[in-house]
Amino acid sequence: LGKVVAQVKSVHVPHVADWSRAAKDAIPKILAGIAVHFTILKSGDSYKRLLRADGGQMTSEDSSSQGMTLESQNVLQRPHSIQVLTIILLLGVNSDDAGLRSHLMQIRTGEGKSMILGIMSIILALFGFKVRCVCYSEYLSRRDFKLFEDMFDS
């Protein structure tokens, strides 16, 4: 995570209106670093146990699985591609406009609002923004905070 923090510090963003091309260009690597850190924190021990149980021979006939068994894919807690794309769009990586624009995104039940919100909070906080998340449900707020608490503390 230290490399991610160093990369963020190399791009100075004092205000939302100053969200520069340099900041936008840094987002994919920062996002990847956060996702890797999250996956290791949340799935590292389980994945290692599964690897040992398979005798280090994790293969699959399905080439799309990149050499992992179905069990090894399911044990990894990680952002899915649609969540990554949503974050990229929300942060304006695909836009040449200066600053951050307001967006309204519709994310249905089960599509990973918690993951998107947690990672967005981390990215914005790393860039020095004050982040506050509000939810109608105290239960969901606590659950999601607990999911990312060790990331927030990192």
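Student: Is the crossing of α4 past α5 left-handed or right-handed?

Tutor: α4 passes α5 in a right-handed crossing. The rule: a crossing is right-handed if the near helix is turned clockwise from the far one by less than a right angle, and left-handed if anticlockwise. Bear in mind that this is a predicted model, where local features need pLDDT of at least 70, side-chain atom pairs count only at pLDDT 80 or more, and totals for chains, interfaces and linings use all residues. Residues are numbered from 1 along each chain as its sequence is written, and side-chain values use heavy atoms, with hydrogens and water left out.

Student: Why is α4 called oblique to α5?

Tutor: Their axes come within 10 Å and cross at roughly 45 degrees. Angles under 35 degrees count as roughly parallel, over 145 as roughly antiparallel, 65 to 115 as roughly perpendicular, and the rest as oblique. So α4 is oblique to α5.

Student: Which residues of α4 and α5 make the contact?

Tutor: Contact means heavy atoms within 4.5 Å. From α4 come Gln83, Thr86, Ile87 and Leu90, and from α5 come Met115, Ile116, Ile119, Met120 and Ile123. They divide into seven nonpolar, two polar and no charged. Here Ala, Val, Leu, Ile, Met, Phe, Trp, Tyr, Cys and Pro count as nonpolar, Asp, Glu, Lys and Arg as charged, and the others, Gly among them, as polar.

Student: What makes aspartate 96 and arginine 21 a salt bridge?

Tutor: A salt bridge needs a side-chain nitrogen of Lys or Arg within 4 Å of a carboxyl oxygen of Asp or Glu. For aspartate 96 and arginine 21, the N to O value is 3.3 Å. Therefore the pair meets the definition of within 4 Å. Aspartate 96 lies in the loop between α4 (81-90) and α5 (113-126), and arginine 21 in helix α2 (residues 21-53), so the pair ties together parts that are 75 residues apart in sequence.

Student: How many salt bridges does the structure hold?

Tutor: Seven. Arg21, Asp25 and Asp96 are linked in a network of them.

Student: Why is aspartate 96 called exposed?

Tutor: Buried means under 20% relative accessible area, exposed over 50%, partly exposed in between (1.4 Å probe, protein chains only). Aspartate 96 has 74%, so it is exposed. Arginine 21, at 33%, counts as partly exposed.

How values were computed:
Helices (H or I, at least four residues) and strands (E, at least two) are DSSP runs, numbered from the N terminus. Axes are lines fitted to C-alpha atoms, for helices over the stretch in contact, and angles run from 0 to 180 degrees between N-to-C directions.
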